[in-house]
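Colleague: Please show the sequence and the structure, and let us then work through selected positions and packing contacts.

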Amino acid sequence: MISIFRKKQYLIDYLEGITDIHNHILPGIDDGAQNVTDSIELLDRFYDLGITKFIATPHIMNDYYPNTPETINSALSLLQNEINNNEKLKNTDIRYAAEYMMDQNFLELVENEELLTLKDNMVLVEMSYFQAPINLNQILFRLQTKGYKPVLAHPERYAFYHTKDLTKYEELKNRGCLFQLNTLSLTPHYGGNMQKIAYKLLEKGMIDFIGSDTHRIQHIEKLSNIVINRKLNESLLKIISNTKEKFS
Ligand SMILES: [Fe+2]
C-alpha cells in the first residue's frame, strides 16, 4: 500500500558538498561575523550540515563597508590561521569574492579596478531594497563591456520589482543578469512576498544559483529546517546541481 504520509524532504539533505557562494562569514568587516569566534561558530555549524566550501562575499558598500581586496584578504588570513589550528575545521575551503553594492562608487570600481569575482568573470552584485540605482542599465552595460557577468544577489528581495508578470525580472535577465536565490527566501524569513516571488522565479526557471547569505548562526538554524515544497522540488534540485557544478 502506498502511504499518503510521505516523508518530508529537507533542503539541507541536498546541499551536502555544495560551495556556498554568498555569505558573510569573514570576521569584522561587515554586518556578518563580528570576530573570529563568530566565524568559527558559523563554520562549525555549517560543517555539521555537510557544508565546508565557501566563497566569502563581504559587502563592498561605499557608505557603510568600504572594503577592498586588501581588507577582505586580511580578514580571511586571520580566519585561516584559526582554521589551520582547528582539528575539525582544518579542511574547510574558503575563497573570497565580494557582494558589490551597485552604488555611486561601484561604477568607478568597474572602470578603474579589477573586480573580485565568484569564479571566472562572475561578479555578485546587489542593490538597495528601496529602489534600483537610477543608472542601473549603464552599470550593467559597463560591467559587461568590461567582460564581467553580473550575478544579482537575492533578486526576490527587491520589493519594487514585485509584479505579477515578473516583467522587471525578465528585463534584468535580458540585460544579462544571472540570479542567485537566498535559501531563506524559501521560507517567510524575509517576508511572505519575498517567498512568493522566490517560488515564482523558481517555477519559471529564472534562478541560476543558490546561496545562503548567512550573517549569523540563526540563519543556519533556519536553513537546517527548510522543508522543500514538492512543487518546487525539480527546479530547486536543478539550481543546486548547477551551483555545485559551477563552483565546486
Ligand atoms: Fe549578502
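Colleague: Is lysine 90 buried, exposed or partly exposed?

Modeller: Buried means under 20% relative accessible area, exposed over 50%, and partly exposed in between, with a 1.4 Å probe and protein chains only. Lysine 90 has a relative accessibility of 39% and therefore counts as partly exposed.

Colleague: On what basis do such values rest?

Modeller: This is a predicted model, in which local features need pLDDT of at least 70 and side-chain atom pairs count only at pLDDT 80 or more, while totals for chains, interfaces and linings use all residues. Residues are numbered from 1 along each chain as its sequence is written, and side-chain values use heavy atoms, leaving out hydrogens and water.

Colleague: Which residues does lysine 90 touch, not counting residues up to four places away in sequence?

Modeller: Lysine 90 belongs to the loop between α3 (69-84) and β4 (93-96); helices (H or I, at least four residues) and strands (E, at least two) are DSSP runs numbered from the N terminus. Its C-alpha atom is 9.9 Å from that of threonine 52, 38 residues away along the chain. With contact defined as heavy atoms within 4.5 Å, and residues up to four places away in sequence not counted, the residues touched by lysine 90 are Ile83 and Asn84.

Colleague: How far apart are the C-alpha atoms of threonine 92 and lysine 53?

Modeller: Threonine 92 also sits in the loop between α3 and β4, and its relative accessible area of 9% makes it buried. Leaving aside residues up to four places away in sequence, threonine 92 touches Leu43, Thr52, Phe54 and Ile83. Threonine 92 and lysine 53 are 39 residues apart along the chain, and their C-alpha atoms are separated by 6.1 Å.

Colleague: How far apart in space are glutamine 131 and lysine 90, C-alpha to C-alpha?

Modeller: Glutamine 131 is in the loop between β6 and α5 (136-145) and counts as exposed at 55% relative accessibility. Although 41 residues separate glutamine 131 from lysine 90 in sequence, the distance in space, C-alpha to C-alpha, is 42 Å.

Colleague: Which residues does valine 125 touch, not counting residues up to four places away in sequence?

Modeller: Valine 125 is part of strand β6 (residues 122-126), and its relative accessible area of 1% makes it buried. Asparagine 86, 39 residues from valine 125 in sequence, is 32 Å away in space, C-alpha to C-alpha. Beyond residues up to four places away in sequence, valine 125 touches Tyr100, Met102, Phe106, Leu143, Pro150, Val151, Leu152 and Ala153.

Colleague: What kind of aromatic pair do tyrosine 100 and phenylalanine 106 form?

Modeller: Rings of Phe, Tyr and Trp (its six-membered ring) pair if their centres lie within 6.5 Å; planes under 30 degrees apart count as stacked, over 60 as edge-to-face and the rest as tilted. The whole structure holds nine aromatic pairs. Tyrosine 100 and phenylalanine 106 are both buried; with 5.4 Å centre to centre and 45° between the planes, their pair is tilted.

Colleague: What is the phi of histidine 154?

Modeller: Most residues other than glycine have a negative phi. Histidine 154, in the loop between β7 (149-153) and α6 (167-174), is buried at 1% relative accessibility. It is not a glycine, yet it has a positive phi of about 30°.

Colleague: Is aspartate 120 buried or exposed?

Modeller: Aspartate 120, in the loop between α4 (104-112) and β6, has a positive phi near 50° without being a glycine. With a relative accessible area of 60%, aspartate 120 is exposed.
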